[in-house]
Structure formats: structure tokens, C-alpha cells
Amino acid sequence: MQSYEQSLRQARKFLLEHDDYLVVSHVQPDGDAVSSTLAVGWLLSCLGKKYTMLNEGPIPKRMEYLWHADQIVNLSAEELPRQFSHVICVDCADFQRVGLTQHHFASDALILNIDHHPTNNGYGAVTLIKPDAAATAEILFDLLKIFEVEWDIDIATAVYTGLLTDTGGFRYSNTSPKVMAAVSELLALGVNGPDLAETLLEEMTLPQVKVLNRALSTLQLSPEGDIAWLYVTPQDMLDCGAANEDLEGIVNYPRNIRGVEVGILFKVIDDQAVKASLRSAGRVDVAALAQAFGGGGHTRAAGARINGTLEEAVALMLEEVKRHL
Ligand SMILES: [Mn+2]
């Protein structure tokens with residue numbers, strides 16, 4: 001088993017040795033996914049390398065302020081008519097998380113896998129995985145440090161964004177002394193912390209408030225009061241004019257209820273599939289729970305896709321949660 005320092009050096013070598021990279025992250029990218037994609041892009045631009053940043057879908061509007069955010073190719077709107085031999089995957093616990101972007105990987109592509117999910121299965125020719133890192137952005141903070149590049153406000157803001165969002169505003173248990181030391185450095189570079197917190201964590205769109213209202217009206221609790229769940233249907237999304245990113249944070253409401261150990265948001269995809277977002281108060285490892293359904297994530301925050309109707313998905317998931325309680 002190689003050390004973290006060895007992995008950092010191997011990743012460095014991978015980035016120096018080749019050219020014309022494809023940088024991708026997971027479907028429905030969150031703050032860490034977007035900022036990690038951009039941080040790798042920023043580094044490659046400093047190194048004078050050719051690179052293309054790509055995601056299966058659009059990046060959330062609230063992250064449009066980030067350096068070169070508009071240069072991440074959105075596969076649902078644009079075409080990318082070629083394949084790449086060198087790919088960097090950030091914040092993707094398994095290969096399938098990259099979604100449709102994988103059609104642009106050459107069959108013999110060399111992959112650099114940079115991630116912090118404990119459920120990462122180690123795909124790729126080079127792996128840089130640190131399961132106790134608060135965010136993939138924290139790993140990029142370390143990686144950027146071993147290059148001769150001069151940090152500016154753009155890269156500092158990108159790294160800060162990943163740290164801020166994956167720690168829930170520096171509140172979750174992953175907010176380590178290391179995170180705060182990094183944050184201290186980033187603030188000293190001029191990052192506007194309060195502005196970013198407002199944009200990324202506080203501000204809500206009207207569709208977001210409307211869909212939250214809908215979701216809350218579906219709240220249910222187990223008889224013991226230790227599991228709480230809500231759901232959102234495609235019709236709710238349509239009626240509220242909500243996008244996927246508007247669902248972010250809703251799952252915290254059931255979990256925040258006193259006495260609840262596991263909170264779940266079920267998002268109905270169609271009559272054959274349901275997406276479940278899981279949050280744990282600490283006693284249950286929801287990553288293990290999600291893995292039972294082919295999903296993954298972190299001990300306290302995870303997700304999975306369940307085949308079946310809403311009723312079937314709820315029944316299956318509740319049964320699995322009870323087994324873990
Ligand atoms: Mn992350």
C-alpha cells in the first residue's frame with residue numbers, strides 16, 4: 001500500500017508526463033465536483049498543458065462565479081466529437097459516476113482517479129485517494145502544493161468552494177484542523193468567505209423553496225421515530241419549476257428532527273426507478289447501506305438508485321435501514 005505522499009508524487013508525474021487531458025467529475029456535480037474539476041484545469045493551464053473539462057450535465061448556476069466555470073463542456077447541451085487518452089476523474093467513487101462522459105474515454109485511456117470517498121474502488125491507472133480528506137478539493141490543495149505554481153484568488157476560491165460545501169459550511173465532523181489550516185491560507189489569499197457562504201449555502205431560488213414545501217408535506221416517521229423520510233415526484237419538480245440542484249439540502253430536514261438516526265429523500269425518477277439520498281446522525285453508516293443498492297458515499301451522507309416504484313423503494317430501503325439500526 002503506497003503512502004499518501006507517494007500517491008501525490010505519482011499524480012504529479014501523471015500530470016507532467018502527458019498532454020491533452022480530459023477532466024471529468026460525477027453526474028449532477030456538487031460544489032466539490034465542480035471546484036475540483038476547475039482546480040485541475042487551473043493547474044493544467046499553469047503547466048501549459050492542453051485540457052478539456054467535461055460533465056454529463058450543466059453545472060449549478062450558483063457556481064457560475066468560479067474561474068472558467070463556463071468552459072466545462074456540458075454534454076447534455078454540447079457535443080464533444082472526440083476521445084481522450086488521458087483522463088482525470090475527480091470526486092468519483094466509482095467509474096460509473098462519470099456517466100455519459102465515459103464515451104469520450106479512449107478504450108485504452110489512462111485514468112488518474114482523485115477522490116476522497118471511502119467507497120472508492122480504486123479504478124484507474126494512477127490513484128490518489130484519501131478517504132479521510134474532507135473534500136476532493138482538500139487533496140487538490142495538497143497536490144497543488146507540490147507544483148511550482150503561484151496561487152491566485154481564482155484557485156484559492158475554487159479550493160475554498162469545495163471545502164466549504166463538502167463540510168456543510170465547516171460544520172460536519174470532517175472539518176478537521178487540516179481543513180481549517182487550509183482555509184486560513186485561502187482566506188489570506190483574499191477569498192471572500194461570507195460572500196461564498198451566502199451564494200453557496202444560504203441563498204435559495206424560488207423553485208427551491210417551493211419544492212422544499214412540497215417535500216416537507218410528504219414527511220413520514222417510523223413508529224420508533226428513528227427514521228424519517230420525504231419524497232419528491234417528477235410532477236412536483238415540474239409544478240415548482242425545480243432543477244435537480246434545487247433538491248440539495250432537503251434531505252437534511254428529516255435528519256435534523258430530534259431522535260432521527262437516518263433521514264432519507266426519495267426522488268422518483270419514473271415508475272421504475274427512485275433515487276434515495278441518505279443522511280445519518282452518526283450511528284448508522286449510510287455508505288454501507290447505500291452499497292447494498294449499488295450506491296455509495298460517505299458514512300454520514302450517501303446515495304443510491306433503487307429499481308421499482310416509490311412504494312417499493314421506500315419499503316426496501318426502510319427494511320435495509322432497520323437492519324442497520
Ligand atoms: Mn466530495
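**Exercise 1. Which residues is Cys89 in contact with, leaving aside its neighbours within four places in sequence?**

Solution. Start with the list: with those close neighbours set aside, Cys89 is in contact with Val24, Val98, Phe105, Ile111, Leu112, Asn113, Ile114 and Tyr123. Contact here means heavy atoms within 4.5 Å.

Before going on, a word on what you're looking at. This is a predicted model, where local features need pLDDT of at least 70 and side-chain atom pairs count only at pLDDT 80 or more, while totals for chains, interfaces and linings use all residues. Residues are numbered from 1 along each chain as its sequence is written, and side-chain values use heavy atoms, with hydrogens and water left out.

Helices (H or I, at least four residues) and strands (E, at least two) are DSSP runs, numbered from the N terminus.

Then check its surroundings. Cys89 has a relative accessible area of 0%, so it counts as buried. The cut-offs are under 20% relative accessible area for buried, over 50% for exposed, and partly exposed in between (1.4 Å probe, protein chains only).

Finally, follow one partner. Asn113 is found in strand β5, and it is also buried, at 0%. Apart from neighbours within four places, Asn113 is in contact with Cys89, and its other contacts include Cys92, Asn120 and Leu128.

**Exercise 2. In what order do the strands of the parallel open sheet stand?**

Solution. Take the sheet as a whole: 6 strands line up as β3-β2-β1-β4-β5-β6, with parallel pairing. Two strands pair if DSSP finds at least two bridges between them. At the edges you'll find β3 (73-74) and β6, each pairing on one side only.

Now walk through some of the pairs:

- β2 (residues 51-55) and β1 run parallel, joined by 4 bridges; Val24 has Leu54 of β2 as its bridge partner.
- β1 and β4 are parallel too, over 4 bridges, and Tyr21 stands opposite His86 in β4.
- β2 and β3 share 2 bridges in the parallel sense, where Leu54 is partnered by Val73.

Zoom in on β1 (residues 21-24): Tyr21 and Val23 point one way, Leu22 and Val24 point the other way, and all are buried.

β1, helix α2 (residues 31-46) and β2 make up a right-handed β-α-β unit. Right-handed means that, with the strands pointing away from the viewer, the path from the first strand over the helix to the second runs clockwise.

**Exercise 3. Which residues coordinate the manganese ion?**

Solution. List the donors: Asp32 (OD), Asp91 (OD), His116 (NE2) and Asp166 (OD) hold the ion at 2.2 to 2.4 Å. Donors are N, O and S atoms within 2.8 Å of the metal (3.2 Å for Na, K and Ca); water is not among the atoms, so sites may look incomplete.

Then read their spacing along the chain, which is D-x58-D-x24-H-x49-D. His116 sits in the loop between β5 (105-115) and β6 (126-129) and Asp166 in helix α4 (residues 153-166), so the pair ties together parts that are 50 residues apart in sequence.

Check burial as well: His116 is buried at 1% relative accessible area, and Asp166 is buried at 15%.

**Exercise 4. Which strands stand at the edges of the mixed sheet?**

Solution. First get the order: this open sheet of 6 strands runs β7-β8-β9-β10-β12-β11, with mixed pairing. The edges are β7 (220-221) and β11 (296-297); each has a single partner strand, so one side of each is left without a neighbour in the sheet.

Then look at one pair. β7 and β8 (residues 227-232) are antiparallel over 2 bridges, and Leu221 has Ala228 of β8 as its bridge partner.

**Exercise 5. How many of the 10 residues of helix α3 are buried?**

Solution. Count along the helix (residues 136-145): 9 of the 10 are buried, so α3 is largely enclosed by the rest of the structure. Among them are Thr136, Glu138, Phe141 and Leu144.
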